Amino acid sequence: MARSLELANMTRVQKFLLLGLSTRLDIRDALFAVFLTLYLLTLVENTLIIYLIFSHKELHKPMYFFLGNLSCLEMCYVSVTMPTLLVGLWTGPYHIPFTLCMTQLFFFIVLICTECTLLASMAYDRYVAICRPLHYPLLMRPQVCLGLALSSWLGGLIVSVAKTTCIASLSYCGPNVLNQFFCDVSPLLNLSCTHVALTELVDFISAIVIFCGTLLVSLASYSAIGMAVLRMPSAAARRKAFSTCASHLVVVGIFYSAALFIYCRPSRIKSMDLNKVLSVIYTVVTPLCNPIIYCLRNKEVHTVLKKTLHWP
């Protein structure tokens with residue numbers, strides 16, 4: 001009887017209170033203007049990249065195929081997290097329904113896992129281009145590129161279904177305050193009033209497989225590329241090889257530095273203010289900077305961009 005009363009008193013949380021990026025009234029308006037501008041800039045940049053790649057035959061190459069996928073992904077990625085960030089800055093802390101929170105979490109996990117795998121595929125593409133150039137047309141033929149891209153999206157979907165199902169099945173009986181600007185894994189685990197060991201184990205294993213696995217692929221690819229570049233007899237050839245990889249290496253470094261800090265440990269994270277800063281890096285800064293990084297260091301993209309904009 002007492003057990004039944006106890007269970008009856010554990011009312012399931014129907015809404016979460018998102019505190020947002022900042023609760024300070026004096027800076028919220030300024031931050032809203034800044035992040036709205038960054039959001040629109042990100043959409044414009046990535047749309048331009050996709051348009052250039054699909055409208056110019058000279059960019060119909062494996063490297064740009066993956067870059068187009070990455071731009072498409074990041075437009076979706078920033079559109080999953082940015083709306084709640086902007087609403088929080090406009091209205092202050094606000095309630096988000098449980099189902100909408102889990103939906104946001106699902107798409108966020110899909111996209112972040114897919115991005116990891118795409119970055120690894122791009123590293124493999126550069127490895128084949130520099131270390132096995134004679135086999136490049138065979139190893140990176142269109143069917144292989146399409147298979148790698150589809151595998152990236154499918155892998156992200158499978159991981160997200162597993163993680164979101166585990167997190168959604170937990171009991172949330174109060175408090176319901178999320179110290180974050182979107183529904184993220186760690187803040188939700190902190191609010192659960194039931195045993196979360198299994199969910200943390202799933203989270204940890206998926207982090208090892210997706211984050212660490214794809215990072216190892218990228219590191220192995222660039223280690224092989226580095227050794228191949230050092231063996232090149234010509235300084236000009238070394239500079240050319242390095243320039244084709246440097247932009248991707250910068251993107252990988254920025255993304256993994258922030259993401260791995262948060263997601264590659266199973267314990268509940270307490271320093272949520274630091275997490276919010278790091279979350280801004282890989283949910284806002286990275287999608288904004290990626291097109292700039294790739295375009296600034298890529299002569300072929302420069303050429304088609306000038307042609308499109310009719311620059312001299």
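Modeller: Strand 1 (residues 15-18) and strand 2 run antiparallel, joined by 4 bridges. Two strands pair if DSSP finds at least two bridges between them. Helices (H or I, at least four residues) and strands (E, at least two) are DSSP runs, numbered from the N terminus. The model is predicted: local features need pLDDT of at least 70, side-chain atom pairs count only at pLDDT 80 or more, and totals for chains, interfaces and linings use all residues. Residues are numbered from 1 along each chain as its sequence is written, and side-chain values use heavy atoms, with hydrogens and water left out.

Begin at strand 2, which covers residues 94-97. Tyr94 and Ile96 make up its covered face. His95 and Pro97 make up the uncovered one. Across from Tyr94 stands Leu18.

Now move on to helix 4, residues 98-131. The UniProt record (unreviewed entry) places a "transmembrane region" at residues 96-124, among other spans. Such annotations may be inferred rather than shown by experiment; feature names are shortened, and positions follow the numbering used here. In the model, residues 96-124 are 93% helix and 7% strand.

Next, look at the rings. The structure holds 10 aromatic pairs. Rings of Phe, Tyr and Trp (its six-membered ring) pair if their centres lie within 6.5 Å; planes under 30 degrees apart count as stacked, over 60 as edge-to-face and the rest as tilted. Phe98 pairs with Tyr172: the ring centres are 6.0 Å apart and the planes meet at 55°, so this pair is tilted. Phe98 belongs to helix 4, while Tyr172 sits in the loop between helix 6 (142-168) and strand 3 (177-178), so the pair ties together parts that are 74 residues apart in sequence. Phe98 counts as buried because its relative accessibility is 12%. Tyr172 is buried too, at 1%. Buried means under 20% relative accessible area, exposed over 50%, and partly exposed in between (1.4 Å probe, protein chains only).

Tyr124 and Tyr127 form another tilted pair, with 6.2 Å from centre to centre and 35° between the planes. Both lie in helix 4, 3 residues apart, about one turn of the helix. Tyr124 is partly exposed, because 30% is its relative accessibility. Tyr127 is partly exposed as well, at 24%.

Charged side chains come next. A salt bridge is a side-chain nitrogen of Lys or Arg within 4 Å of a carboxyl oxygen of Asp or Glu. The whole structure has 3. One of them links Asp125 to Arg126, with the closest N and O atoms 2.9 Å apart. Asp125 is buried, because its relative accessibility is 1%. Arg126 is also buried, at 10%.

For contrast, look at helix 11 (residues 299-309). Its Lys307 meets Glu58 in a salt bridge, 3.0 Å from N to O. Glu58 lies in the loop between helix 2 (25-55) and helix 3 (62-91), and the pair is 249 residues apart. Glu58 is partly exposed at 35%, and Lys307 is partly exposed at 46%. Glu300 and Lys61 form a salt bridge too, at 2.4 Å from N to O. This pair links helix 11 to the loop between helix 2 and helix 3, across 239 residues. Glu300 is partly exposed at 31%, as is Lys61 at 37%.
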